[in-house]
Amino acid sequence: MKKPSEIQLMLQVQKGNKLALGELYDRYSGALYAVIIKICRDEGLAQDVLQESFLKIWKKAGQFDPDKGAFYTWAFRLCRNTALNAKRNKKDLIQTEDLSVYKNREEPQNNPVDSEKLKGALSQLSEHHQQALKLVYFEGLTHREAHQVMDVPLGTFKSYIQQALRELRGIYKTSIISIILMIGL
Amino acid sequence: MKQEIKDILESGLLEQYLLGDTTPAQDAQVQGLLKKYTIVREHFQQMEADFERMGLEQAVAPPISVRKQLMQTINEKETDPVSAPTSKSQKWYLPIAATLVILMGVTSFLVFQKLQGVQKDLKLVEEKNEQLQSSLDQMTTTLLALETQNKLMGDPNTQKYLLKGNDLSPDALAVGYVNHKDRKVVLDARQLPDLPTDQDYQLWADVEGVMINMGLVKKEDGFLAMNYITGAESMNLTIEPAGGSEHPTVSNLIANVYL
């Protein structure tokens with residue numbers, strides 16, 4: 001039996017089907033958690049954000065429109081925004097409570113193992129493409145913030161992102177053809 | 001219209017939209033373009049699929065407790081207890097109601113048990129079906145691969161080139177299949193000697209003295225689809241640091257063949 005697509009699952013979630021939400025969670029929580037944890041840099045906070053994000057997916061399911069983009073695109077944005085807000089609120093809270101502590105606690109170091117290690121096709125990209133995607137995908141930076149971090153003009157940075165996504169396409173395309181040809185033998 | 005589509009694809013707007021870095025006005029603009037142009041939509045969907053695949057490759061499994069808590073929160077929100085009003089006049093039928101509740105409870109439990117059994121069976125059938133589907137997919141893929149391979153090798157427009165190793169790597173042998181008409185290049189890398197893990201083979205096309213990257217050659221992949229380069233005068237195989245280089249290390253050129 002073919003697995004239901006994420007669009008079919010979201011239609012079910014819109015009708016209040018909890019099992020469908022569970023299935024979406026099982027499929028995508030790992031990918032989304034990877035983004036959240038790299039933005040939050042704090043395991044405890046990241047877990048809260050992941051739960052909060054899926055609660056939002058549950059509550060805001062009606063806003064999902066497949067014509068505007070895929071489920072993962074929608075969920076990625078939702079999780080990234082939730083993570084950025086949570087991180088901002090936490091910083092504000094710490095700052096209000098005790099300014100002297102803030103400096104030391106700005107970036108808690110209890111990062112999970114391997115959170116910085118890139119895997120799969122992303123690790124095969126040219127270094128500057130890798131860095132560009134990392135900044136917008138994992139750090140949650142806007143193009144305007146990220147080009148300053150990389151110290152290149154905004155236009156160049158946009159090209160990096162474009163080229164990075166094209167390079168990804170090339171890697172996936174080549175790997176598919178190689179697999180097909182390899183199996184063929 | 002073609003120019004307009006080309007401009008859209010090259011503007012970087014779709015990439016910004018994908019990454020959620022657009023203003024509401026730009027969102028509306030992109031959504032309009034996706035509706036209007038099939039090519040733009042297909043391009044964007046491909047980009048989304050790659051983006052998703054990249055995301056899944058980076059996955060970090062969250063602790064199981066998060067899922068449990070999530071489902072618990074959703075369940076709690078739906079089943080808030082509601083206290084029922086009681087009065088003295090209703091007391092006489094409370095024992096009957098209690099008996100009925102117990103009976104219903106027992107019946108529900110039995111039905112629930114039966115349902116669990118049925119669900120378990122259903123899950124088994126679904127799993128079996130998934131396995132069958134997976135085998136079918138694999139067989140279809142194999143068939144497609146064979147067809148593609150046969151088509152390329154049997155095509156009279158496909159030419160075969162031997163890349164024999166020089167003194168640097170006398171045992172090396174790779175076979176290139178080049179089809180100029182369909183602009184396809186496939187390399188049989190199975191007979192290349194193993195390399196240390198910090199090195200990779202890389203194929204280059206010589207176009208008027210400039211070496212252009214045709215792609216990395218992973219021996220373990222066997223047959224590889226390489227980039228077709230227009231105007232290539234020869235194919236050249238080098239040994240590069242793992243992951244490949246932007247320019248060929250000429251001193252590590254182990255084989256070349258004129259096209």
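I began with how two helices of chain A lie against each other in this predicted model, and noted that α2(A) and α3(A) are oblique to each other. The axes of helix α2 (residues 18–40) of chain A and helix α3 (residues 43–59) of chain A cross at roughly 135° and come within 9 Å; since angles over 145 would count as roughly antiparallel and 65 to 115 as roughly perpendicular, the pair is therefore put in the oblique class. I also looked up the hand of this crossing, and α2(A) passes α3(A) in a right-handed one.

Next I listed the residues where the two helices meet. From α2(A) I wrote down A:Leu21, A:Tyr25, A:Ser29, A:Leu32, A:Tyr33, A:Ile36, A:Ile37 and A:Cys40, and facing them in α3(A) I found A:Glu43, A:Leu45, A:Ala46, A:Val49, A:Leu50, A:Ser53, A:Phe54 and A:Trp58. Sorted by class, the residues of this contact are 13 nonpolar, two polar and one charged.

I then turned to the nonpolar cores. The largest has 66 residues, and those with the most contacts inside it are A:Leu32, A:Val35, A:Ile36, A:Cys40, A:Ala75, A:Ala132 and A:Val136. The element that gives the most to this core is α2(A), with 14 residues. Another core lies apart from the largest one and has 27 residues, with B:Val178, B:Val185, B:Val186 and B:Met226 among them.

That took me to chain B, whose secondary structure I recorded as six helices and eight strands, in the order α-α-α-α-α-α-β-β-β-β-β-β-β-β along the sequence. Chain B has 259 residues, of which 21% count as buried. When I took the contacts in chain B between residues at least 6 apart in sequence, 53% of them joined residues at least 24 apart.

My last entry concerns where the two chains meet: 52 residues of chain B are in contact with 53 residues of chain A. On the chain B side, the elements that give two or more residues are α2 (13–18), α3 (24–36), α4 (38–57), α5 (64–78), α6 (94–154) and β6 (223–226).

Methods:
Residues are numbered from 1 along each chain as its sequence is written. Chains are lettered from A and ligands numbered from 1 in the order in which they are written. This is a predicted model: local features need pLDDT of at least 70, side-chain atom pairs count only at pLDDT 80 or more; totals for chains, interfaces and linings use all residues. Axes are lines fitted to C-alpha atoms, for helices over the stretch in contact, and angles run from 0 to 180 degrees between N-to-C directions. Helices (H or I, at least four residues) and strands (E, at least two) are DSSP runs, numbered from the N terminus. Angles under 35 degrees count as roughly parallel, over 145 as roughly antiparallel, 65 to 115 as roughly perpendicular and the rest as oblique. A crossing is left-handed if the near helix is turned anticlockwise from the far one by less than a right angle, and right-handed if clockwise. Two residues are in contact if their C-beta atoms, placed from the backbone, lie within 7 Å. Ala, Val, Leu, Ile, Met, Phe, Trp, Tyr, Cys and Pro count as nonpolar, Asp, Glu, Lys and Arg as charged, and the others, Gly among them, as polar. A residue is buried if 20 or more other C-beta atoms lie within 10 Å of its own, exposed if 12 or fewer, and partly exposed in between; C-beta atoms are placed from the backbone. A nonpolar core is a set of buried Ala, Val, Leu, Ile, Met, Phe, Trp, Tyr and Cys residues joined through C-beta atoms within 7 Å.
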